[in-house]
Amino acid sequence: MIGTLALRELRSLFLSPLAWSVLAVVQFILAYLFLAHVQDFIQIQPQLALMDNAPGATQLIVAPLYGSAGFIFMMVVPLMTMRLISEERRNRSIALLFSAPVSMSEIILGKYVGVVAFFLVLTALITLMPLSLLTAGTLDMGHFAAIVLGVLLLVSSFAALGLYLSSLTVQPTVAAVSSFGALLLLWIIDWAGDKVGNAEASGLLTYLSLLRHFEAFARGVFSTADVAYYLLFTTVFLVLGIRRLDADRLQH
Amino acid sequence: MMDSPLVSVQHLSRAYGHLLAVQDVSFALQKGEVLGFLGPNGAGKSTTMQIITGNLAPTEGRITINGIDLLEQPKAAKAEIGYLPEQPPLYRELTVDEYLRFCARLNRIRRDKVDAAVRRAKERCGLEAVGRRLIANLSKGYQQRVGIAQAIIHTPAVVVLDEPTVGLDPIQIREIRDLIRDLGTEHGVILSTHILPEVQMTCSRVQIINQGRLVFSDSIENLNRRMDTTTLVVAFDHPPAADELAAIEGVERVEELADGRFRLHHAPGESPAPRVAETAVTRGWGLRELTPEHKSLEQIFIEITSTEHAVEDAA
């Protein structure tokens, strides 16, 4: 059932020009950045050759590329998630799902899987670029895998938050703006942490930051604490979304 | 009356904040019945439909569909219902075929049976020719039909249609009504509308809801009987005195209207029309008009909804 709902979501996404333009624009920008990083790498390669234990292509090209991808996703995910539930409400097509023999959890999970599948496609397309480096050199595959996993966890937590905010409103644009605001706040929340002075408070704010957990993956560190953070984040917002849909029937 | 009704609604109430949209509504739907739900705007029709189909939770009350409690086993109960809301719940970016296939899967029709179910639903709703077209490009009438096809695709025991003929042209309205009557033979149908003749044409039983309360519930035959006339309007070239008319056997009361016209009141089922005609001819009054007055469904509707008196009779 979740598969049916996810496929419908994915099909509708690809029937709208939005999905295609997002794919094109993101791919174009990241390709440009990728070329710039490769250029830099080639320029400093003579110096790297003189160093002991010099950073490789994975650290100098792949990690910054996915860092930028994470930042771009933060802006793009709200655009893709904004319509998920708010538009169904606005078109009243949500009645179809409510009167069908499916549970609220299946509706939320179906939509979630659908939109995450879209970002899997997008990430796969981006991943092709660093993979092309294999024709000319080597990559640290373990490090590379950690980075890709990090980006996937990052984007799935973005999507969960976007989905929840979309379930709160009838206006897709309101959902987009609030999702973007919430994500941006969680991205930069640790900036304030440095200035609080209080070590405990600063630690908490740093822990909350979406970016900090991703940085570990970018360094090639696979830590269960960071994986748990993203999974927890995703679960919380999916459960909130299910609760919100349930509440729909109780009051209007 | 059969022992297990398809839909049984008991003491249903629904409040929006302080506003009671539906108060203590109880009714049952038997197999093979088309139940018309009538009421003025804002009477609570749509709210009741939404509750029956699980789109809204009731504040109080119990609903069973085919013997399954809607609140305790929502999935099993919803599998027995097809629902067309006021605005058909369509995905306009899909084609009719894609949409109906999705609906079939959503209603847990097995993958290998989906094509057959889609074909059957299209056939019943006259959609064969538009299967490959985008729903967004269809006319309002066809979109409405897609909405009905969606509601019957899993051959549910109960089909709930909320104002299915709104915004259609007269030919489409007739086709949809035929379809509804047709559905009534296999499924139980609940039809909500504020168009009175529609009820007379399609329904076997009528319920009138007003200000959240059920004020009338009876078979269409009884409703028709209620509409029977108890007045005659007569017009003469040489009008006699009212007393002379009142003297005719069977006439209970005479009302004098303008231009030599009179309204004669009589007991239900005992029209004095032949005697009036006879008397008029023998006395040379010059009878030029003799019409039994029909009470329209509108009048009955207004009568019922404008009085506080509730008719809660056994249906």
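**Reading the sheet and helices of chain B**

Helix α6 (residues 170–186) of chain B lies across β3, β7 and β8 of chain B in this predicted model. Helix α6 runs at about 145 degrees to β8(B).

Q: In what order do the strands of the open sheet in chain B stand?
A: Strands of a sheet pair through backbone hydrogen bonds, in either a parallel or an antiparallel way. Here, six strands of chain B form an open sheet in the order β6-β7-β8-β3-β9-β10, and the pairing is mixed. β6 (81–84) and β10 (213–219) of chain B each have a single partner strand and stand at the edges, so one side of each lacks a neighbour in the sheet. From one strand to the next, the twist averages 15 degrees.

Q: How many bridges join strand β3 to strand β8 of chain B?
A: Five bridges join β3 (residues 34–38) to β8 (residues 188–193) in chain B, and these strands run parallel. In β8(B), B:Thr193 is the residue opposite B:Leu38.

Q: Which strands does helix α5 of chain B lie across?
A: Helix α5 (residues 140–152) lies across β6 and β7 (158–162) of chain B, at about 165 degrees to β6(B).

Q: At what angle do the axes of helix α3 and helix α4 of chain B cross?
A: Two packed helices are described by the distance and the angle between their axes. For α3 (residues 96–106) and α4 (residues 114–124) of chain B, the axes come within 9 Å and cross at roughly 120 degrees. α3(B) and α4(B) are therefore oblique to each other, and their crossing is right-handed.

Q: Which residues of α3(B) and α4(B) meet?
A: Among them are B:Leu100 and B:Ala104 in α3(B), and B:Val118 and B:Ala121 in α4(B). The residues of this contact comprise six nonpolar, no polar and four charged.

Key. Residues are numbered from 1 along each chain as its sequence is written. Chains are lettered from A and ligands numbered from 1 in the order in which they are written. This is a predicted model: local features need pLDDT of at least 70, side-chain atom pairs count only at pLDDT 80 or more; totals for chains, interfaces and linings use all residues. Two strands pair if DSSP finds at least two bridges between them. Helices (H or I, at least four residues) and strands (E, at least two) are DSSP runs, numbered from the N terminus. Axes are lines fitted to C-alpha atoms, for helices over the stretch in contact, and angles run from 0 to 180 degrees between N-to-C directions. Two residues are in contact if their C-beta atoms, placed from the backbone, lie within 7 Å. Angles under 35 degrees count as roughly parallel, over 145 as roughly antiparallel, 65 to 115 as roughly perpendicular and the rest as oblique. A crossing is left-handed if the near helix is turned anticlockwise from the far one by less than a right angle, and right-handed if clockwise. Ala, Val, Leu, Ile, Met, Phe, Trp, Tyr, Cys and Pro count as nonpolar, Asp, Glu, Lys and Arg as charged, and the others, Gly among them, as polar.
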